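Follow the chain through its hairpin, its salt bridges and one of its pockets. The paragraphs below take these topics in turn.

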Amino acid sequence: MSERQPRRAWGSLESDIMALLWAATEPLTPGQVQTALAQSHGDDRTVLAYNTVLTILTRMHDKGLLQRQPSGRAHAYRPTHDAATAAAAQMRAVLDGPGDRRAVLQQFADRLDASDVEVLRALLERTDGGAPG
């Protein structure tokens with residue numbers, strides 16, 4: 001009986017690819033992404049097919065997460081935004097989504113460590129508490 005490969009968590013492949021691209025000093029081709037993913041997991045069983053990597057990169061490009069440029073017979077990909085900007089956009093999407101905005105902010109604030117609280121407090125004071133200007 002063959003051993004079944006566990007499925008990745010939803011969105012984890014995109015997250016892994018984004019982390020690779022943010023760490024890269026230049027845009028990466030699908031082949032480079034495929035190799036880097038295999039190296040980062042250190043397990044031959046987790047090597048993804050080139051076409052799978054290309055499909056994910058194309059979908060991420062279509063979502064506006066990546067930019068691409070010609071590189072030989074392929075394209076090279078790089079993130080549209082840096083990691084901090086992307087994380088802030090995700091946080092904003094959660095706040096703008098359905099649900100109790102205050103409760104989301106409360107849960108977020110309750111889980112911050114003391115140093116993050118100080119950073120957030122300083123940022124809020126700098127922007128006058130976020131009040132409309």
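Strands E1 and E2 form a hairpin with two residues between them, and Gly-72 in the turn has a positive phi of about 65 degrees. E1 covers residues 66–71 and E2 residues 74–79; the two pair in the antiparallel sense over six bridges. Gln-67 stands opposite Arg-78 in E2. Strands (E, at least two residues) and helices (H or I, at least four) are DSSP runs numbered from the N terminus, and two strands pair if DSSP finds at least two bridges between them.

The model is predicted: local features need pLDDT of at least 70, side-chain atom pairs count only at pLDDT 80 or more, and totals for chains, interfaces and linings use all residues. Residues are numbered from 1 along each chain as its sequence is written, and side-chain values use heavy atoms, with hydrogens and water left out.

The structure holds four salt bridges, each a side-chain nitrogen of Lys or Arg within 4 Å of a carboxyl oxygen of Asp or Glu. One of them joins Glu-14 to Lys-63, with the closest N and O atoms 2.7 Å apart. Glu-14 lies in helix H1 and Lys-63 in the loop between helix H3 and E1, so the pair ties together parts that are 49 residues apart in sequence. In another, Glu-118 and Arg-121 have their closest N and O atoms 3.0 Å apart; both lie in helix H6, three residues apart, about one turn of the helix. Salt bridges that share partners also join Arg-92, Asp-96 and Arg-101 into one network.

Helix H4 (residues 83–96) contains Met-91. H4, H5 and H6 each supply at least two residues of the lining of the second largest pocket.
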